[in-house]
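Visitor: I am new to protein structures, and I would like to go through one slowly, with questions. Could we look at it together?

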Amino acid sequence: MTAMLNATREQWLAARLDLLEEEKELTRQSDALAAKRQQLPRVKIDKDYRFDTEGGGASLKDLFGGRSQLLIYHFMFGPDYSAGCPSCSSIADGFNGFFVHLANHDVAFWTVSRAPLAKLEAFKRRMDWSFSWASSAGSDFNADFSVWFSPEQQRLGEIEYNYRREPPAPEPAAGKTVPQWQSRDSDEPIVQIATMTGTDVPTYTRDRPGVSAFELIDGGVYHSYSSYARGLDGLWGMYQWLDRAPKGRNEAGIWWRHHDRYGKE
């Protein structure tokens, strides 16, 4: 759809008021959906998940830090990555600025990844972030919450992500080595973004993004909500701004970078 040019202020206002009604309806629907999220059944967590944190070993219950609610962002950073996923990193650039407000509203906030803690902490320093980041290395946490899958699951088409089963992953093109397959010269967005993490596509896509919510009730930890894929759009701060820009998202492939890489590649 092409926008009208040289409109009068009256024409603009009439169109804006029409759009405002639709925006208000969307807000009402969003409020109703949020209420339904809060009413989802709770599932008690009986498994003893262990995490490595800056303060030492921790359980899932420990991550609450005295609060009754816990939000976890499942950040794509596998042990074979040399850098965090740039998409997750751009989301993190947003929540790095407001997690302190959650902490002062009875909501603990953590990011969790499979990479060793030392690698996570080094990347966190590079990005100049201050939120809490835990390593789930050696635990079943990522697998149980559907944000990590084994090579066998990937090969056999047994990945169930975002509540849907995926087909088997394609093999690299015949005659190509992995470095060739993940070349920056490729037009494939997934190849470009995998390269930014220092991995090939299969390795990169075995980790997935997501958010999970937990509640502490009578000393027990309960899972209340998880969302994945496009369900994270509302958490991706830059897109909320782009959706209000004249050209919208205006995308052609992967345009974003780690925030310290703009102008350098």
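Visitor: What percentage of the residues in the protein are buried?
Guide: Before answering, please keep in mind that this is a predicted model. A residue counts as buried when its relative accessible area is under 20%. Applied to the 265 residues of the protein, that cut-off gives a buried share of 38%.

Visitor: How many helices and strands are there in the protein?
Guide: The C-alpha atoms fill a box of roughly 65 × 60 × 35 Å, taken along the principal axes. Within the protein, the elements to look for are 10 helices and 10 strands.

Visitor: Among contacts between residues at least 6 apart in sequence, what percentage join residues at least 24 apart?
Guide: Contact here means that heavy atoms lie within 4.5 Å. If we consider the contacts between residues at least 6 apart in sequence, and then ask which of them join residues at least 24 apart, the share is 61%.

Visitor: Which element gives the most residues to the lining of the largest pocket?
Guide: The largest pocket has a volume of about 1500 Å³. Of the 42 residues that line this pocket, the closest to its centre are Ser30, Arg37, Gly231, Gly234 and Leu235. Several elements give two or more residues to the lining, among them β4 (69-74), α2 (86-95) and β10 (220-228). The element that gives the most, with 10 residues, is α1.

Visitor: Is serine 224 buried or exposed?
Guide: Serine 224 lies in strand β10, and, leaving aside residues up to four places away in sequence, serine 224 touches Leu40, Pro41, Arg42, Ala213 and Phe214. Its relative accessible area is 13%. Because this value falls under the 20% cut-off, serine 224 is classed as buried.

Visitor: And is alanine 252 buried or exposed?
Guide: Alanine 252 is found in the segment after α10, and its relative accessible area is 74%. Since a residue counts as exposed when that area is over 50%, alanine 252 is classed as exposed.

Visitor: What distance separates the C-alpha atoms of alanine 252 and glycine 138?
Guide: Along the chain, alanine 252 and glycine 138 are 114 residues apart.

Note on methods. Residues are numbered from 1 along each chain as its sequence is written. This is a predicted model: local features need pLDDT of at least 70, side-chain atom pairs count only at pLDDT 80 or more; totals for chains, interfaces and linings use all residues. Side-chain values use heavy atoms; hydrogens and water are left out. Helices (H or I, at least four residues) and strands (E, at least two) are DSSP runs, numbered from the N terminus. Buried means under 20% relative accessible area, exposed over 50%, partly exposed in between (1.4 Å probe, protein chains only). On a 1 Å grid over the protein atoms alone, a cavity is a set of points where a 1.4 Å probe fits but cannot get out, and a pocket is an open set with protein on both sides within 12 Å along at least five of seven lines; lining residues have an atom within 4 Å of a point. Grid points are joined across faces, edges and corners, and a volume is the space filled by probe spheres set on the points.
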